[in-house]
There are 2 protein chains.
Amino acid sequence: MQHIDATNQHQREIQRAKILDAARKVFAHKGKAATMADVAAEAAVSQGLAYRYFANKEAIFRALIEQALQANPATLSDIQEMPGTPGERLALLVSKLVENRREHPEFHQLLSQVLSDKATSGELRELVRERMQLLQDLMRHLIIEGQASGEVATDDPDQMITAFFACLVGLTRRAIYGPEQFHFPETAILLRILMPSAHQS
Amino acid sequence: MQHIDATNQHQREIQRAKILDAARKVFAHKGKAATMADVAAEAAVSQGLAYRYFANKEAIFRALIEQALQANPATLSDIQEMPGTPGERLALLVSKLVENRREHPEFHQLLSQVLSDKATSGELRELVRERMQLLQDLMRHLIIEGQASGEVATDDPDQMITAFFACLVGLTRRAIYGPEQFHFPETAILLRILMPSAHQS
């Protein structure tokens, strides 16, 4: 019996993961206009089965955001304690952020939706906003240290952060909405937003 | 009679412009989910009146895209013939593009919607795509000239163009969807995407 229970449990986890994978695609492309029927169709399961795992589309959306927050590592704050100069630590943070976007564009598209959609529950939005705030605070800290060491451009840190994240948001949208022949630009190109140019220094 | 006709004509133009102004806001925020009722409410006119000027919301959307294409100057191609080095002409193009986004975020949001929304009529999408292609071709041309003169970063031109326009798309979204305390970054910050960094050169 115990063996059968474990097998069932395993089967349930596989089904749930399959529905979430489908939902991630559907919500990333359609936003909150996505329906339970869209998700079931994409997962190739019946709507009845989808409802056995998730009470409604809000429940799926919440599970997706929780997954997305896990995939977007909070451990980035370790970077602050790493060896190297502030500019090197900033470059490391940028490369981690770019890599994460390149690998998980759908998660990031969902997180952007949460921030721009006033209809999302306040609590969920607060979670996403807090995570975003943590990342931006870390980046601001490294920028200010790097400006002191002469490695980072001397513009207003908040303007550089705005420009850098805007770039990630735009690239995420391109990755999701196409066209097909899209290549994520090299990290070095994006890093220049924060670094002194040859002409200014 | 002629005087009255001219006055009526003038009144009609004012009404039409008022409805279009309202529609620009509504469509930029809600996308194609916007309805004729939303537009009429935003313009503070009756739905009946809105329908006297536009047969349906597709007609409004088309008029908005035509306005947006006019606001997004095709005359930028003149830049290619201007005096100065290729790097200076590229910097001029970038500053015009940034200024245009800063002044007309809603128009650009609508143009992005046309490109990402597969439901928009093929003809309209083709118009927007052509305009975008013209701009990118101009930028590619100046980048390649500027690489030859040593003024521009030596990365793949298409990757730099992708990163630059992604940044504009992300900034446009921030300008539209908030939060309130948003400032468009200085042009010099965005220009660095294309320029050699102090460390690379």
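Predicted model: local features only at pLDDT ≥ 70, side-chain atom pairs only at ≥ 80, totals over all residues.
**Exercise 1. How are chain A and chain B related, and through which surface do the copies meet?**

Solution. Begin with the superposition: chain B is brought onto chain A by a rotation of 180° with 0.0 Å of shift along its axis, and the RMSD is 0.0 Å. The two copies are therefore related as by a two-fold rotation axis. Next, consider the interface, where 35 residues of chain B are in contact with 35 residues of chain A. Since 100% of the interface residues of chain B are also interface residues in chain A, the copies meet through the same surface. Finally, turn to the area: chain B and chain A bury about 2,800 Å² between them, of which 60% lies on carbon and sulfur atoms. Of the area that chain B buries against chain A, 24% is supplied by Gln159(B), Ile189(B) and Arg192(B), which is more than any other three residues supply.

**Exercise 2. At what angle do helix 8 of chain A and helix 8 of chain B cross, and which residues make the contact?**

Solution. In each chain, helix 8 covers residues 157–177, and the two axes come within 6 Å of each other and cross at roughly 100°. Because angles of 65 to 115 degrees count as roughly perpendicular, the two helices are described as roughly perpendicular to each other. The contact is made by residues that include Thr162(A), Ala166(A) and Arg173(A) on the side of chain A, and Thr162(B), Ala166(B) and Arg173(B) on the side of chain B.

**Exercise 3. Is Arg101(B) buried or exposed, and which residues does Arg101(B) touch?**

Solution. First locate the residue: Arg101(B) belongs to helix 5 of chain B, which spans residues 86–103. Its relative accessible area is 7%, and since buried means under 20%, Arg101(B) is buried. Leaving out residues up to four places away in sequence, Arg101(B) touches His108(B), Leu168(B), Val169(B), Thr172(B) and Phe184(B).

How values were computed: Residues numbered from 1 in each chain as written. Chains lettered and ligands numbered in written order. Heavy atoms only, no water. Axes fitted to C-alpha atoms, helices over the stretch in contact; angles between N-to-C directions. Helix = DSSP H or I, 4+ residues; strand = E, 2+ residues; numbered from the N terminus. Parallel < 35°, antiparallel > 145°, perpendicular 65-115°, else oblique. Contact = heavy atoms within 4.5 Å. Buried < 20%, exposed > 50% of the residue type's maximum accessible area, 1.4 Å probe, protein only. Least-squares fit on C-alpha atoms with pLDDT ≥ 70 in both. Buried area = accessible area lost by both parts, 1.4 Å probe.
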